[in-house]
Protein chains: 2
Amino acid sequence: MPKRINPFKEQREGQIKEAALKLFSQKGFHNTTVTEISEAAGLGKGTIYWYWKSKEELAFSLVEDMLSAFLRLLEEAVGWEGAFREKFDRLLDEVIALYRVEKEHCRLLWKFRADRHYIFDQEYVRKVASYYLGMRKAIAALVEQGMEEGAIRRADADKLALAMLGAAEGLELEWLENEEYFDIGEGLKLVFGALLDGLGGET
Amino acid sequence: MPKRINPFKEQREGQIKEAALKLFSQKGFHNTTVTEISEAAGLGKGTIYWYWKSKEELAFSLVEDMLSAFLRLLEEAVGWEGAFREKFDRLLDEVIALYRVEKEHCRLLWKFRADRHYIFDQEYVRKVASYYLGMRKAIAALVEQGMEEGAIRRADADKLALAMLGAAEGLELEWLENEEYFDIGEGLKLVFGALLDGLGGET
DNA sequence: CAATATCGACCGACCATCCGGTCGATATTT
DNA sequence: AAATATCGACCGGATGGTCGGTCGATATTG
């Protein structure tokens, strides 16, 4: 029970997160120094360690912000009313919107993805994995609904979900690396449109 | 003109590359030290600098080995005889085979991908980009053939090629991260099969 | 309401460590 | 002996994290 509450806590944490997001998403974890973050936030280096106990924890809080937003969207989508294809198309739109709004967070996730095992300790890596697993399960549930309705050919729903996530992630990457040329909305709609029409059950 | 040729040159370079490939692909560039590589190769640290002028150049030679193999395969595929779909299916098989044989190189490419701008200097980054561009152009040429034959709906061939590469890369990533569960061949055939059947022209 | 005491947010110089790359010593081959 | 090849101790720069210290705000007291 603190005797005094810090009136600037939220503002400070916001400043620091904002600066860290910008730098991490541009340069990755290893190429961003804590000193840089503190300077970009307009604060002293020690202040960062007042609010977070390590560079790693600061980074993880940014990762978790994005992963939890994505997972929440997918899990909500499963519960929506309506036929599979309606739900799926709406989900695609919302995913695209989320990508666009949170582009910097997307970039950050990619920067951290390849060597997350060397950025985060085991417990955090497990947390990240469980977010991804949750996403896959949500997609799989949606896909199963599609199969029951006959909108998708019967197959291993979990593996199909994994393939769909993979394809979406690959398109996301191309978007981030060719932002002026390749649009994520266009790409997702092209691939998933064709995928579902091609995978569709009997006409 | 050296007075004597080094009878061990190829062997040494092989030892070093093999050790570096293994370590880089497991731990990434920043988490692998030159000392580790030299120990894994059973050589002194200085010897690495006899054969390469920096850690960066050693890493790049591994990247280039893989990128050039991929590019060569794609460019050859364009010149094959036959109808689009035959060529495409054969290409898919050969790509899958290459992935499987060169799994460690694939992993290395992923580890380096996100922060290649902080691993390699500008000239090397440009080279990498031109490999990827070449791949896209090769796929686009194939896709254009498919459009002319009516096997694929007319669309922007270059963007479709980019989307296809993106999807393939995403599936590759899922494979590398879920190797016991998700097979790259299965995934590629599922997605590209559905994609082409869905994208196919008039039946 | 002053005067005093306490607190906690903030700072940045400093420390310990790590690592790529160098270089002189040494061994081997011609 | 000259050229080539190998080695590993050492150097210098970089960086995450620490810690003693500052200072204004808040609480306490007379």
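Predicted model: local features only at pLDDT ≥ 70, side-chain atom pairs only at ≥ 80, totals over all residues.
A crossing of two helices is termed left-handed if the near helix is turned anticlockwise from the far one by less than a right angle, and right-handed if clockwise. Residues are numbered from 1 along each chain as its sequence is written, chains are lettered from A and ligands numbered from 1 in the order in which they are written, and side-chain values use heavy atoms, with hydrogens and water left out.

Chain A contains ten helices and zero strands. Helices and strands are DSSP runs, numbered from the N terminus (H or I, at least four residues, for helices; E, at least two, for strands). Along the sequence, the pattern of chain A reads α-α-α-α-α-α-α-α-α-α. Its C-alpha atoms occupy a box of roughly 65 × 45 × 30 Å along the principal axes. Chain A has 203 residues, and 55% of them count as buried. Buried means under 20% relative accessible area, exposed over 50%, and partly exposed in between (1.4 Å probe, protein chains only). Among contacts in chain A with a separation of 6 or more, 68% join residues 24 or more positions apart. A contact requires heavy atoms within 4.5 Å.

Helix packing was examined in chain B. Helix H4 (residues 55-79) of chain B and helix H8 (residues 122-148) of chain B have axes that come within 9 Å and cross at roughly 15 degrees. H4(B) is therefore roughly parallel to H8(B). Angles under 35 degrees count as roughly parallel, over 145 as roughly antiparallel, 65 to 115 as roughly perpendicular and the rest as oblique. Axes are lines fitted to C-alpha atoms, for helices over the stretch in contact, and angles run from 0 to 180 degrees between N-to-C directions. The crossing of H4(B) and H8(B) is left-handed. The residues of this contact comprise 17 nonpolar, two polar and five charged. Here Ala, Val, Leu, Ile, Met, Phe, Trp, Tyr, Cys and Pro count as nonpolar, Asp, Glu, Lys and Arg as charged, and the others, Gly among them, as polar.

A second pair in chain B is formed by helix H9 (residues 157-177) and helix H10 (residues 184-199), which pack at an angle of about 155 degrees with axes 9 Å apart. H9(B) and H10(B) are therefore roughly antiparallel. Their crossing is right-handed. H9(B) contributes B:Leu160, B:Met164, B:Ala168, B:Leu171, B:Glu172 and B:Trp175 to the contact. From H10(B) come B:Ile184, B:Gly187, B:Leu188, B:Val191, B:Phe192, B:Leu195 and B:Leu199. By class, the contact of H9(B) with H10(B) has eleven nonpolar residues, one polar and one charged.

Individual residues were then considered. B:Ser25 lies in helix H1 (residues 9-27) of chain B. It is buried, at 1% relative accessibility. Neighbours within four places in sequence aside, B:Ser25 contacts B:Ala20, B:Glu104, B:Arg107, B:Leu108 and B:Lys111. In chain A, A:Leu43 sits in the loop between helix H2 (34-40) and helix H3 (45-51). A:Leu43 is buried, at 17% relative accessibility. With the same exclusion of neighbours within four places, its contacts are A:Arg12, A:Gln15, A:Ile16 and A:Ser38. A:Leu43 and A:Ile16 are 27 residues apart in sequence, with C-alpha atoms 8.3 Å apart.

The whole structure has zero disulfides over all chains, a disulfide being a pair of cysteine sulfur atoms within 2.5 Å. A:Cys106 is buried, with a relative accessible area of 1%. B:Cys106 is buried, with a relative accessible area of 1%.
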